[in-house]
Structures are given as structure tokens and as C-alpha cells.
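Thanks for coming. I will go through one model today, starting with a strand and ending with some backbone details. Please have the sequence and the structure open.

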Amino acid sequence: MHQIWIVDFGSQYTQLITRKTRELGFRSEILTVDEASDRLKKDDWPSALVLSGGPQSVFEDNTDFSLFFKRPELPILGICYGMQIMAHVLGGQVARGHLGEYGNARVTFEKDQVLNGFPSSFSVWMSHFDHVTGLPSNFEVVLKSDNGLLAMMRDKKLPRVGLQFHPEVEHTQHGKDLLRFFYHEIAHLREDWSPKAMLFEGIQLITQAKATNVLCAFSGGVDSLVAATLAHRVLGERLYCFFVDHGLLRPQDYAHIEILQKHTSLSIEIIDAKTIFAERTRGLADPEDKRKAIGKTFIEVFETQVHHFEKTHDIHFTHLLQGTLYPDVIESTGPHQKGGKSAVIKSHHNVGGLPERMKLKLLEPLRFLFKDEVRALGLELGLKPQWVYRHPFPGPGIGIRVLGELNDKAIQKVQQSDQILFEELQNFHLYQAIWQAFTVLLPIRTVGVKGDARAYEEVIAVRLVNSSDGMTAHWSDVPRNFLETVSSRITNEVLGITRVVYDITSKPPGTIEWE
């Protein structure tokens, strides 16, 4: 299905290769080393192969990578460590570095090697220690860095190219152009990835459940909305969406669900479970305790209500529809899995253990898509832009935005402050310019002055970030008068709040959510 395989050797930039590849119009898939090897052994070959960077060294990794080069006609792009593997396997020389190249570097084309549309030299992003010192047979030098190290090589006869730098990161000038050069001029691939292609593949996947009743744990966020709308195209009235109100929502969420009930063809059943969630979470302070309690309660409530619905409506569900995205899959893959080279950031479970517990088959039509691709698919499905570009909201909701003990007053402070932030983002026309925005209640008190009297009250942190897929994020540099307005309204309108702070931490090293 995917014509380009991107083999992950543990680079922190691997997902960016996939994103840039798809932006250029080519379908691609990230595979672990063992996954790619297993497919090749079964004579399942891609149209092109990209070997990512990674923290390993050819002097320490004894894996035999010769299988990747078995077919001379297979186009291969080696990036950083991938280029060193290419040189090592094909008879070139790799040397242990005495002086690594990290960060920005300048590369220059060798004489008569300048590619059409490229300047003779440009800036790139390096991150390596070992480097190629001897070319494999039939290879030629294309680019060198200012310190004389080999930066790009290519086979004069076969479709093989090596880059010592990272074309996938924004810091590399003309990086996307280099990827385009490989896919078009070296691999001679035809573009085949677009919102229409995503729509077609999603419908094909859902068709397997066409004659059954499908259940959807519906949150109203862009992922569940796009997945449900896509499924409804195939299943029609056989799709049933259940929205669990756990009392940890924002005012905007209730308004949004009402709009979707009125203005979409989706069947959305609302389950009011505020009381039981309050009982199960009240007094919990540890983030993991809160997540587990919310997740466990969600499963119990959902299962009970769905079984009751099955009995009263005389139907039986066979599949569970989930809005799992590619970043969820990537971040959940680690060295404990077959051939995994990356570190696990965190595990993702959209609806916990529901599939196993309720003996349901999973439908995940978005599992190979990034967030921006899901938004593009939503627009292709005819969803309104304001629905498609809603900010992400975590499953545990405000439960992980109250740092410390959960109680009614703490939840209300986050709900009220978040609503103020939401309103001012709209008033300042900033909502669509921000990827995610929310407030967090901190478990500390600070001294303040209210009405000429001393106040010893709590702190709200405001978090605004920009991202394309949630895997990396940068804090948003917004106008000062916007922050002043938000701070003034929160300290004046939310009882018990004396101070507002602005979080300027990017991901990494932080995560987007505080818990």
C-alpha cells in the first residue's frame, strides 16, 4: 500500500521524513528495522527506501543490512546514519569521528555537480560524529561541508543517494527540494498522496465492517469527528456514537456537542456520568492515579450504557471505531517492540481496554495520518473549518489540568479560566493561529492584593503552543495586550486566583500537557 518505506534507526527526526514526503505528494510508511527486513524476506518490496538517521555507529551495530541493497534497481536514500550504512555495506569507508558536526553547517556543491534550481552552497542541519571517508565503487561526491567532510554522495549508475545532514528539518535550506529531487529525479516516482487518496483508503478500511453495527466513543474532537464522519459515509445508521460527560469538560465542549447533534447526520448519544466520575476521582492528586481512575471509570460507564443500549434496541456491536493517529502509534513504539530503536515517550490508549473487554474488533481509519492530514481529510469530507480546526483536548479533560487534588472548586477554576482564555482568543482573532491553548491550576498559593487587602490564593498557568502534529511544539509568542487582558479577567473573575503565569516551555524538553 505504501510505496515509500522509511526505515527508522532511532532518529528523533524520522517522523519528519514521513511528513515532508507526504507534503511532496508521496505515500509513505515508517517501519522498524525488523519489520522492513521481514517484509523484504517475503519478497515484499517498496518503490523506494529511505534509511533514517540514528544514534548508532557502524562500528558497534553488527546487524547485517545487506538485504536492503539486494536489488540494485531499488532507489535508496540514506540520511546521516543511513548514509554511513550505505557506504559501509557497499564497500566504502566510514571513520570514527574525532570532531563531530552538530547544528548548522554550510555545504558546497563540487564542481559540475550543482543541481538545477539550487545555489552553489547553502546551510544544512548536521547531527553526526562518524562520517564517510571513502566512497563505494561507482559513487561520486556531490556536496562537501566547509570543514571538508563528505555531505552528499550518489551512485553514478544506480538510484542510490546518501546525505550526511538532515533534509527533513526546517533548519536545512532546500531540504524539501532535495527530497523532491530524490523522489522525482532519482526514484522516478509518481505523486499519489492527497486528501482524496486519504479518503479512498479510509473508506476501503471501513468497508470491512459494512454489514455490522459499529460503536464509536465520541469526544467531538477533530479525530473522533473525522473518523465518525468517514465511517458514516459507509455505515450510515449502523454507526452509533456515544459521548461520555464525565464532568471534566469545558463550557465550549458542551456547546460544540449540541452543534454537532443539530448540524450533522451523526447519531450522538450523551451519557451523563458526572456523579460517578466525581465520586471516583475526588481527592486524587497523583497524575497517574487520576488517569487510571478516569480511564477505569470511563470503561465501566461506557460498557454498562452500551450493553443497556444493545438490549433495549435489540442490536449487537461488533466493531469499535477509534480516532487513533500516526503519532500515537509512533510514540507507542519502542525498543521493547520488534526492531524498535526509539525510546518510548508514553503509551497511548484512546479508550483504554474497551476493545478487549467488550470483545470488539478495532476500526482505526486514521492510524497512518498526522493531525494536519486529518484536518485536510475533514475538509475533504465537507466538515466546517471551525470544527476541523478545533484545538486538541485530552481524554481525561480537566482532570489532568488540575495539578494536585481534584475537587469541585478546583475543576470550576480551570473551567472558568479556560473559558476566559477561549473567549479572548476569539476576540483577538488568535484562535486559528494557535494549535492548542488551555489553563492549568497549580498546587501553590501566592500573596496578592485584592480590594486593599492581603490575598493568599492560587495560581493559573496559561499554556499556548503551536505544532503541526503534537510530536514537537513551540510556545506561542502572542501580543502582550492579549496576555494582559487574559490575566486581568482571570484574576478578577475567577474566585481564589491571585496570579497568572505564562508557560514558555517548548516540546521537548517539556510535554504539551502538564500532567
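One term before I start: a residue is buried when its relative accessible area is under 20%, exposed when that area is over 50%, and partly exposed in between, using a 1.4 Å probe and protein chains only. This is a predicted model, in which local features need pLDDT of at least 70, side-chain atom pairs count only at pLDDT 80 or more, and totals for chains, interfaces and linings use all residues. Residues are numbered from 1 along each chain as its sequence is written, and side-chain values use heavy atoms, with hydrogens and water left out.

Helices and strands here are DSSP runs numbered from the N terminus, helices being H or I with at least four residues and strands being E with at least two.

Start with strand S1, residues 4-8. In S1, 5 of 5 residues are buried. In a regular strand the side chains alternate between the two faces of the sheet. On one side of S1 sit Ile-4, Ile-6 and Asp-8, on the other Trp-5 and Val-7, and both faces are covered.

Which strands does S1 pair with? Pairing requires that DSSP finds at least two bridges between two strands. S1 runs parallel to strand S2, residues 28-32, with 5 bridges joining them, and Asp-8 has Thr-32 of S2 as its bridge partner. S1 is also paired in the parallel sense with strand S3, residues 48-51, over 4 bridges. There, Val-7 stands opposite Leu-51.

Is Asp-61 buried or exposed? Asp-61 has a relative accessible area of 15%, so it counts as buried. Its C-alpha atom is separated by 9.9 Å from that of Ile-85, which is 24 residues away along the chain.

Next, the open sheet of 5 strands. Their order is S14-S13-S12-S15-S16, with parallel pairing. Strand S14 (268-272) and strand S16 (361-363) are the edges, each pairing on one side only. On average, neighbouring strands in this sheet are turned by 30° against each other, direction ignored.

Within that sheet, strand S15, residues 317-321, pairs with S16 in the parallel sense over 3 bridges. Leu-320 stands opposite Leu-362 of S16. Helix H6 packs on the sheet and touches strand S12 (213-217), strand S13 (239-245) and S15, its direction making about 155° with that of S13. Contact here means heavy atoms within 4.5 Å. Axes are lines fitted to C-alpha atoms, for helices over the stretch in contact, and angles run from 0 to 180 degrees between N-to-C directions.

S13 itself is mostly covered, with 7 of its 7 residues buried. Leu-239, Cys-241, Phe-243 and Asp-245 lie on one side, and Tyr-240, Phe-242 and Val-244 on the other. S12 and S13 pair in the parallel sense over 4 bridges, and Phe-242 is the bridge partner of Ala-217. Helix H7, residues 251-263, lies across S13 and S14, at about 150° to S14.

Now two contacts of helix H12, residues 371-380. How do the axes of H6 (residues 222-235) and H12 cross? They come within 10 Å and cross at roughly 45°. That makes H6 oblique to H12; under 35 degrees counts as roughly parallel, over 145 as roughly antiparallel, 65 to 115 as roughly perpendicular, and the rest as oblique. Among the residues in this contact are Val-226 and Leu-230 of H6, and Val-374 and Leu-377 of H12.

Helix H5, residues 195-206, also approaches H12: the axes come within 9 Å and cross at roughly 85°. H5 and H12 are therefore roughly perpendicular to each other. Pro-195, Lys-196, Met-198 and Leu-199 of H5 meet Glu-373, Ala-376, Leu-377 and Glu-380 of H12.

Last, the backbone. Most residues other than glycine have a negative phi, and most peptide bonds are trans. Asp-112 is not a glycine, yet has a positive phi of about 70°. Asp-112 is in the loop between strand S6 (101-109) and strand S7 (121-128), and is exposed, with a relative accessible area of 73%. His-174 likewise has a positive phi, about 65°, and is partly exposed at 28%. Two peptide bonds to watch: Lys-507 to Pro-508 is cis, with omega near -10°, and Pro-508 to Pro-509 is cis, with omega near 15°.
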